[in-house]
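Subject: Handing over a structure

Dear colleague,

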Amino acid sequence: MKQVIQASATSPDLLSIARLVPQGSRVLDLGCGTGELLDYLIRERGCSGYGVELNDANVQACVARGVNVIQFNLEAGLALFGDASFDVVLQVNTLQHLRNAEVMLRETARVGRIGIVVFPNFAHWPNRLAVLRGRMPVTKALPYQWYDTPNIRVGTLRDFDALARQNQLQVLDSFGLQDGREVRFWPNARASRAVFKFRRA
């Protein structure tokens, strides 16, 4: 589905996301890329679980790490997983690549007791400035040109808040990430990535 640009196992961004996952959780990582986050959660937080990934090279990288991975196209949905079969379901840099994004969000809340979503925040001030100048933004969080981007969705923290309410999801925590720091004051303008922890209302 995509070649994910994942944080390294020691990056502050990854650590901020990992801190949201309770110790010993059973985790499903949707669009797990090369398995770095799941590998970290298994080694450092005593978690277990599976990654889901379509890209052949990423699946091989997961296997090389010893991470359990299922090669599967997320556009087909999550019908193979039962209700609340995982403690945490992760979507890190995945939601913006999906055509069935709203359905997958509801499925994340169905399959996991807790869902965690991370995606590029299009409302970050450099992105706004680029659009004011008449250009689509190209940044670390949005590193592609408009004509070759795998992102088929763009969204903001406020957009996700509205979508969560629309789908009867309770947001348990939300913040922005910028250069390895959590941003909780004006994150919609000051952070390049959005992070949400949620569950069914």
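I begin with a residue in a loop. T156 touches F119, N121, F122, A123 and N188, where residues up to four places away in sequence are left out of the list and a contact means heavy atoms within 4.5 Å. T156 sits in the loop that runs between α5 (125–132) and α6 (157–166); helices here are DSSP runs of H or I with at least four residues, strands are runs of E with at least two, and both are numbered from the N terminus. With a relative accessibility of 13%, T156 counts as buried, the cut-offs being under 20% relative accessible area for buried, over 50% for exposed and partly exposed in between, with a 1.4 Å probe and protein chains only. A polar atom of the T156 side chain also lies 3.0 Å from the backbone nitrogen of D159.

Before going further, please keep in mind that this is a predicted model, in which local features need pLDDT of at least 70 and side-chain atom pairs count only at pLDDT 80 or more, while totals for chains, interfaces and linings use all residues. Residues are numbered from 1 along each chain as its sequence is written, and side-chain values use heavy atoms, with hydrogens and water left out.

The C-alpha atoms of A141 and N121 are 8.1 Å apart, although 20 residues separate the two along the chain.

Turning to the chain as a whole, it contains seven helices and eight strands. Its radius of gyration is 16 Å, close to the 17 Å that the globule rule gives for 201 residues, so the chain is as compact as a globular protein of that length; the radius is taken over C-alpha atoms, and the rule is 2.2 Å times the number of residues to the power 0.38. The C-alpha trace spans about 45 × 35 × 30 Å along its principal axes. Of the 201 residues, 51% count as buried, and among contacts between residues at least 6 apart in sequence, 66% join residues at least 24 apart.

The eight strands form an open sheet with mixed pairing, in the order β3-β2-β1-β4-β5-β8-β6-β7, where two strands pair if DSSP finds at least two bridges between them. At the edges are β3 (69–71) and β7 (181–183), each of which pairs on one side only. From one strand to the next, the twist averages 20°. Within this sheet, β6 (residues 169–178) and β8 (residues 193–200) pair in the antiparallel sense over eight bridges, and F175 stands opposite V195 in β8.

Helix α4 (residues 101–111) lies across β1 (26–30), β4 (86–92), β5 (112–120), β6 and β8, and it runs at about 145° to β5; such angles run from 0 to 180 degrees between N-to-C directions, with axes as lines fitted to C-alpha atoms, for helices over the stretch in contact.

Helix α2 (residues 36–45) is mostly covered, since seven of its 10 residues are buried, and these are E36, L37, L38, D39, Y40, L41 and R45. The cover over the buried residues of α2 includes α1, β1, β2 (48–53), α3 (56–65) and β4. Just after α2, G46 takes a positive phi of about 65°. As for α1, this helix (residues 12–18) holds L14, which counts as buried at 3% relative accessibility. L14 and V92 are 78 residues apart along the chain, and their C-alpha atoms are separated by 9.8 Å.

Which residues other than glycine have a positive phi? One of them is D179, with a phi near 50°, and another is W186, with a phi of about 50°. D179 is placed in the loop between β6 and β7 and counts as exposed at 57% relative accessibility. W186 lies in the loop between β7 and α7 (187–190) and is exposed as well, with a relative accessible area of 61%.

With kind regards

Technical notes:
Polar contact = N/O pair within 3.5 Å; in protein donor to acceptor, adjacent residues only side chain to side chain.
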